[in-house]
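Thanks for coming, everyone. Please look at the screen, and we'll walk through it piece by piece.

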Amino acid sequence: MSWIKVFAPATIANIGPGFDILGMAIKGAGDIIKARKTDSGVVITQIESTGDIPSDPNKNTAGIAAQEVLKIIGESGGLELRIKKGLPIGSGLGSSAVSAAAGAFAANYLYGKKLSKEKLIIPATLAESKVSAFHADNTASTLLGGVVLVRSVSPLDVVQLGTIDDLTLIVVTPNIVVLTKTAREVLPQKVDFSAFVQNLGNASAVTASFITNDYNLFARSLSDIIVEPVRAPLIQGFQQVKEAALSSGADGVGISGSGPTLFAITNRSENTAAQIEKAMVNGFKEAGIAASSFITTVDEEGVRILE
Ligand code: HSE
């Protein structure tokens, strides 16, 4: 049986103030899964990864999502998966959701493409919930591409927003692991009402900025005063890296997903983006942490077949 090769892009979930409801697919990083049909069952026969990823298909998000899709379409055939992780686990780039999306897409593609990408969100999110929680910001953005607003997961209600043409993202990943589970344990049980109103205003404005293609509105709204303050202590060097980015010309900085990756934004020259990147990497270095980085833009395509 012949192989297909699926690519699912990395994500920046939350996009600042939109905790669990906003997500963005980005170019330049992601997971690749090779898949082929088998007679029955889902098996993972190869994993290339820098981290420890389970090959048990009931514990691996790609395996779980693929099985969910086969169940939904009533298929008794199986699947062999070979996973090449392009994203470190616990990095904040949506690693587990990205694998889940690629697994779901591969199963659907090989068995007659019966489901739309939208219909793959729930099986992928079910898989993601095994390692994180039942939130679709990462899964919906890596599947659909672009920027998404998840109004509700149950029932699922996802809106695809547009993009911002002149948005450049500087993505910096320090060499530390922050598991989403850990980053969710520090979330506040109650929030101050005025902070809630402020975050609501900012999240709504980020949403509007991607509908109206308005970089300046996005830059003004990239602020999270509820979740960022409680998660920042999990990211060594956070404050100095954020300040370094802003003083090098970034118009805003946020935690990507549950961290520790940070992203900064600019709409200026490549040179400015490179200066911001350098300042952020140096900021982590001064905090004693090595960091990797790249400069990128929104991935509008989402999960896809690679030729
Ligand atoms: N919205 C999720 C969180 C994303 O911030 O916990 C996790 O990748």
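In which loop is Pro260 found? Pro260 sits in the loop between strand 8 (252-255) and strand 9 (262-266). A word on those labels: helices (H or I, at least four residues) and strands (E, at least two) are DSSP runs, numbered from the N terminus.

Two ground rules before we go on. This is a predicted model, where local features need pLDDT of at least 70 and side-chain atom pairs count only at pLDDT 80 or more, while totals for chains, interfaces and linings use all residues. Residues are numbered from 1 along each chain as its sequence is written, and side-chain values use heavy atoms, with hydrogens and water left out.

Back to the proline. The bond joining Gly259 and Pro260 is a cis peptide bond, with omega about 10 degrees. Now look at Pro155. The peptide bond from Ser154 to Pro155 is cis, with omega near 5 degrees. Pro155 lies in the loop between strand 5 (147-153) and strand 6 (156-160).

Next, strand 4. Strand 4 covers residues 78-84, and five of its seven residues are buried. Buried means under 20% relative accessible area, exposed means over 50%, and partly exposed is in between (1.4 Å probe, protein chains only).

What does strand 4 pair with? Strand 2 (residues 22-38) pairs with strand 4 in the antiparallel sense, over seven bridges. Two strands pair if DSSP finds at least two bridges between them. Find Lys34: opposite it, in strand 4, stands Arg82. Strand 3 (residues 42-48) runs parallel to strand 4, and six bridges join them. Here Glu48 stands opposite Lys84 of strand 4. From strand 3 the chain passes through helix 1 (residues 61-72) to strand 4, and this β-α-β crossover is left-handed. For the handedness, point the strands away from you: if the path from the first strand over the helix to the second runs clockwise, the crossover is right-handed.

Now the ligand. The residues around the ligand include Phe19, Asp20, His135, Asn138, Arg184 and Arg231. To count, a residue needs a heavy atom within 4 Å of the molecule.

Which polar contacts are there? A polar contact is a pair of N or O atoms within 3.5 Å; within protein, one must be able to donate a hydrogen and the other to accept it, and residues adjacent in sequence count only if both atoms are side-chain atoms. A polar side-chain atom of Asp20 lies 2.5 Å from a nitrogen atom of the ligand. In the side chain of Asn138, an N or O atom is 2.9 Å from a ligand oxygen atom. For the side chain of Arg231, an N or O atom is 2.7 Å from an oxygen atom of the ligand. Taken alone, the ligand exposes 260 Å², and the protein buries 98% of that. Those areas come from the Shrake-Rupley method with a 1.4 Å probe; for residues, only the protein chains shown count as cover.

Stay with Asp20 for a moment. Asp20 is in the loop between strand 1 (4-13) and strand 2. Its phi is near 65 degrees, a positive value in a residue other than glycine. Is Asp20 buried or exposed? Asp20 is buried, because its relative accessible area is 18%.

Asn213 also deserves a look. Asn213 is not a glycine, yet its phi is positive, about 60 degrees. Asn213 is found in the loop between helix 6 (193-212) and helix 7 (215-221). Its relative accessible area is 33%, so Asn213 is partly exposed.
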